Amino acid sequence: MPNAQEASCVFCKIVSGEIQSKKLLDSENCIAISDLNPQAPTHLLVIPKDHYSDITQCQKSNLLGELFSQASALALKHSLNKGFRLVVNTGNEGGQTVHHLHIHVLGGRFMGWPPG
Ligand code: AMP
Ligand code: ZN
């Protein structure tokens, strides 16, 4: 049984199917979905099936490697061959709003630097 935090976590609900969402990827360890509020023409999220509140809470380097390699493969699958950006917002000051580890895949426009 998930703990109380996981039970109220929107990404855990998407992983379990309690909230319906079209899965662009559904592998043993992770899913990918389109972001509800896209910040670029292509804005996808790669989400581990297990709940980690942020990247600092995940000690599994294999899983982190898989998430990044899936994110990169997904970017190419979505024709982002001119470039893309992977983002992992962490903590309140890092701009994280959903406290379940995820990687943003952003592309389809020029990405400025520094980010906001
Ligand atoms: P972050 O601010 O880095 O935690 O990113 C959370 C992202 O999740 C935001 O870009 C939201 O638009 C997105 N989001 C929140 N709820 C949903 C949902 N139900 N389906 C898809 N994306 C979502
Ligand atoms: Zn969760």
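**Close-ups of two ligand sites**

**View 1. Meet the neighbours of ligand 1.** Ligand 1 has 16 residues around it, and the closest are Asp35, Asn89, Thr97, Val98 and His104 (a residue is near if one of its heavy atoms lies within 4 Å). This is a predicted model, where local features need pLDDT of at least 70, side-chain atom pairs count only at pLDDT 80 or more, and totals for chains, interfaces and linings use all residues. Residues are numbered from 1 along each chain as its sequence is written, ligands are numbered from 1 and chains lettered from A in the order in which they are written, and side-chain values use heavy atoms, with hydrogens and water left out.

View 2. For the side chain of His102, the distance from a ligand oxygen to an N or O atom is 3.0 Å.

**View 3. Four donors hold the zinc ion (ligand 2).** They are Cys9 (SG), Cys12 (SG), His51 (ND1) and His100 (ND1), 2.1 to 2.3 Å from the zinc ion (donors are N, O and S atoms within 2.8 Å of the metal, or 3.2 Å for Na, K and Ca). Their angles run from 104 to 116°, so the arrangement is tetrahedral (for four donors, all angles must lie between 85 and 135 degrees).

**View 4. Cys12 and His51 are tucked away.** Cys12 is buried at 16% relative accessible area, and His51 is buried too, at 14% (buried means under 20%, with a 1.4 Å probe and protein chains only).

Terms used. Polar contact = N/O pair within 3.5 Å; in protein donor to acceptor, adjacent residues only side chain to side chain. Tetrahedral: all angles 85-135°; square planar, octahedral: opposite > 155°, others 65-115°. Buried < 20%, exposed > 50% of the residue type's maximum accessible area, 1.4 Å probe, protein only.
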